[in-house]
Amino acid sequence: MVQATYYVSPDGSGSACTQAVPCAVETAKSAVERRTNAMSGDLVVQFQAGTYQLSSALEFGPSDSGRNGHDVIYTAAPEQKVTLSGGVPVTGWRLHDTAKDIWQAPAPAGLRTRQLYVNGRRATVASMPASTVFGSMQKTGTGFTYTSAAPNTWQHKDSIDVVYGHSASHRGWTYSVCPVSSIADGTVTMNNSCHANVAGINQTTVPTAVENNYALLSSPGQFYHDTSAGTIYYIPQEGQDMRTATVIAGKLQTLVELGGTPDSPVEHMRFTGLKFEHATWLFGEQGLADLQANVLFTETQDPSAHTKPLPANVACHSCDDVTFNGNTFTHLGGGGLGFDGGGHDNTVTGNVFTDIASNGIQIGDGTNYTPPATLESGYTVSDNYVHNVATEYHGGVGILATWVKHTKITHNEVWDTPYTGISLGWGWGAATSQPMVDNHVDSNYVHDVMTSALEDGGPIYVVGTQGATPPSTMTGNHVENDSQRYAALYMDQGSSYWHVEYNVVNGYAPAWLFVQSMALPVAEHNTVQNNYASADAGGIYTTPPGTNTVSNNTTAVAEGNWNAEAKSIMASAGLEPEYTWIRKGGQRRNLAYARPATASSTYSAQYAPSQASNDRITTPGNGPYSAPFASAMDDTSAWWQVDLGASYPLSKIQILFRQDGVDNPAERQDLQIWVSNFPGISHDHTIACSIGAMPLPYQSSYNCPAPLGIWRYVTVTKPGHLVLGQVRVFGATTITPDPCSQGEDQPAPPACAAGASNQQAISNCPPTSATCLQRLAGTGTGTLQLIARARSDSADFEQKARDTDPDTAAHDLCPIATSITSHSQAAAFRFPPSWWYC
């Protein structure tokens, strides 16, 4: 029952907060707060459509809580788009350096940011490989020495940060960024705390990359914020016109904060239908020293005293019975949504988390070996769509729960993460008086994770001692495509009393199971049975300790040859039917996996084209080694191409460069990525992205936003020797009928300008010149093929018998319905295709 509704709008100025004369958010918040002590029903704050430009965080305390069994609800008006933004527009762009295509604009007053978004696309802080900047480096007690003279002349050297990521000398699971104290005469002196923490956790020697200086602007999509001059510099990506571009800088570090205490929590609040967008996070002098999963050292390298998760841009401290349902978290510079402080019975359901710099969802605090005074308890994290997270701080994960008990992580879809998909537990087996217990990671669909060079993680990772009664469960999950060690189902140090049953490991994985036996304390008293693993997944990584039961698992299943039980598990995993609409359709997996690949030449059979589309790890000694693709050394016009098998809308194309110990910078420069609907390279194509003369870092990955449209072939070209570790092609989650119409978060692709020019060229062809017309307009073969396929699909749809065997008919009809509707907008249907629940 609703007691009262207060209406707000972006420009609201009323005092009564009526629907006719809405008020500002703070006015409604104050009105609600005055009535919470005498609540007889729910109090609702309803947002009218629009963007609410926050000048400071929207803060809630215990006095804002629901009372008497009722909730305080902040919700979007029905069918309305509502955005809470912590960003500020950046306008007044002008060309600064013609040769390098560097543009500049005055920074808004008071701005300090590490996040910039151009036409809805995340820009990256100016960066170069450390070896390119510093030359030869040697670690010292306070930093490192270097041989290059170039950095000595740079201005604002105190703004520089260095990155400690995956390198030839360090194969690890963390991604840290530390500020520099000084650079002079061949010596870099680091901020002592951050440098010591990074060296202590993973024995890193020297940095892999350098960030945040004007001199580092080197590639399209990079920016530098000169805080002393109040100027932002940016190199546009293809198709971006800075004279008309919409540019937003993240300003606030917190958008919404619920701040309670264990004795006085924030409780009984709900947030629904809102979009949380455009925030930053500034790590300051302490840097970002990553212990694991973006849990950071905050003072010294003593892991027993000073660690906490990287802050979330929407944060809940000591919250009870708080719900986030049906929201979108995007374009964020910290974590997405975070809970800590010993809260209980909070619910996170039906939300989208995407384009987030760190973790998508994070629950828990406490240090490495010591739990907090009160564990987070009774959480439900279900039916969330988490993808493209940890975009900047690559050690982050999709869903993180550290010190928790009685918590359910179920029916989520998590994919496209550089490190682990779902991580639960903490403590590495340390004995505690408050054990984690009764936790459940069930019925999730986790796929295409571990996509960077980071390793020692997996799609589902658990760690730390669980209580025996009731046991924790990892059941009914569908895991697909895990490209780095150790295993798809990873039970690290101290994992105990888990029941791991009825999971399916599909596609490639270095191993389907790892029950920790190499590091103390080992994993003990776990039951692993009735699971399924494909022939493309490795076996069990080392023999599990004897106290574990591993039995009755079906492995080495040939592709597609799953029995009815395995099919049922896969069909039930992931988003439940009432939440599938949040995916917005599309093929959401790596479409290039195991698809046929061709190339202009091959160095040898070991380096065949298929090596770049098999999703294998490419680091020797870390599981089944897979060599990269390599063209012939004398190939001066090398190309590699994958056939996706059909035309799809695409979201991005990712290149993971070789990781086999061979660091040749020339392999990571001067590349182009094409998309087309014809095989080979002689037909029309669209250039999706270009990598210029500045080499990317060793073992790095490159993410190319795909042009709008539908595409079947993806090609990588280079005027010289071409080497590729992996090429992944991810399907899009939205489809725009007109590729040249700008979507809400997607700029028109560069092909649109080229298309307009091409149309003019066609009109200039002599009417009798078939050669001219065909050269510019093509043969129309691709269009005819699409029409023929649609007709065939429609015929198949009509011929399926629906009455004799409904279950089989539904199984057969879903792919046909998806194929027929995948190139159309849902608005074109009276009943949207997502209602098929395919």
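Accessible areas are those given by the Shrake-Rupley method with a 1.4 Å probe. On this basis the protein, a predicted model, exposes about 31,800 Å². Carbon and sulfur atoms supply 51% of that area. Of the 838 residues of the protein, 57% count as buried. The secondary structure comes to eight helices and 66 strands. Among contacts with a separation of 6 or more, 76% are made by residues 24 or more positions apart.

Helix 1 spans residues 25-33, and its buried residues are Val25, Ala28, Lys29, Ala31 and Val32. Viewed down the axis of helix 1, these buried residues fall within an arc of 165 degrees, so they line one face of the helix. The cover over the buried residues of helix 1 includes strand 1 (2-8), strand 2 (42-47), strand 3 (50-53), strand 4 (58-60) and strand 5 (72-76).

Helix 4 is formed by residues 564-572, with Ala566, Ile569 and Met570 buried. Their arc around the axis is only 95 degrees, which means that they lie on the same side of helix 4. Ala564 and Ala571 are exposed on the other side of helix 4. The buried residues of helix 4 pack against strand 48 (478-482), strand 51 (504-506) and strand 54 (532-534). At the N-terminal end, helix 4 is capped by Asn563, which has a side-chain oxygen 3.1 Å from the backbone nitrogen of Glu565. After helix 4 comes Gly574, with a positive phi near 90 degrees.

Strand 12 runs parallel to strand 20 (residues 222-226), and two bridges join them. Within this pair, Thr124 stands opposite Gln222 of strand 20. Strand 20 also holds His225. Residues under 20% relative accessible area count as buried, and His225 is therefore buried, at 6% relative accessibility. Beyond four places in sequence, His225 touches Ala107, Leu111, Arg112, Thr113, Thr231 and Ile232. One of these residues, Leu111, is 114 residues from His225 in sequence, with a C-alpha to C-alpha distance of 9.2 Å.

Asn313 lies in strand 29 (residues 312-317). Asn313 is buried, with a relative accessible area of 0%. Apart from neighbours within four places in sequence, Asn313 is in contact with Gln253, Thr254, Leu255, Val256, Ala279, Thr280, Leu332, Gly333, Gly334, Gly335 and Gly336.

The largest nonpolar core has 140 residues, of which Phe47, Leu258 and Phe324 touch the most other members. The contacts of Phe324, leaving aside neighbours within four places in sequence, are with Phe271, Phe276, Val314, Cys316, Phe329, Leu337, Phe339, Thr347, Val348, Thr349 and Asn351. A second, separate core of 32 residues includes Trp640, Cys689, Trp711 and Leu724. In soluble globular proteins, nonpolar side chains tend to be buried together.

Strand 59 (residues 638-648) has ten of its eleven residues buried and is thus mostly covered. Strand 59 pairs with strand 57 (residues 597-599) in the antiparallel sense over three bridges. In this pairing Trp640 of strand 59 stands opposite Ala599. Strand 59 also runs antiparallel to strand 64 (residues 711-718), joined to it by seven bridges. There Trp639 stands opposite Thr717 of strand 64. In general, strands of a sheet pair through backbone hydrogen bonds, either parallel or antiparallel.

Notes. Residues numbered from 1 in each chain as written. Predicted model: local features only at pLDDT ≥ 70, side-chain atom pairs only at ≥ 80, totals over all residues. Heavy atoms only, no water. Buried < 20%, exposed > 50% of the residue type's maximum accessible area, 1.4 Å probe, protein only. Helix = DSSP H or I, 4+ residues; strand = E, 2+ residues; numbered from the N terminus. Pairing = 2+ DSSP bridges. Arc of directions from axis to C-beta. Contact = heavy atoms within 4.5 Å. Polar contact = N/O pair within 3.5 Å; in protein donor to acceptor, adjacent residues only side chain to side chain. Core = buried A, V, L, I, M, F, W, Y, C linked by side-chain atoms within 4.5 Å.
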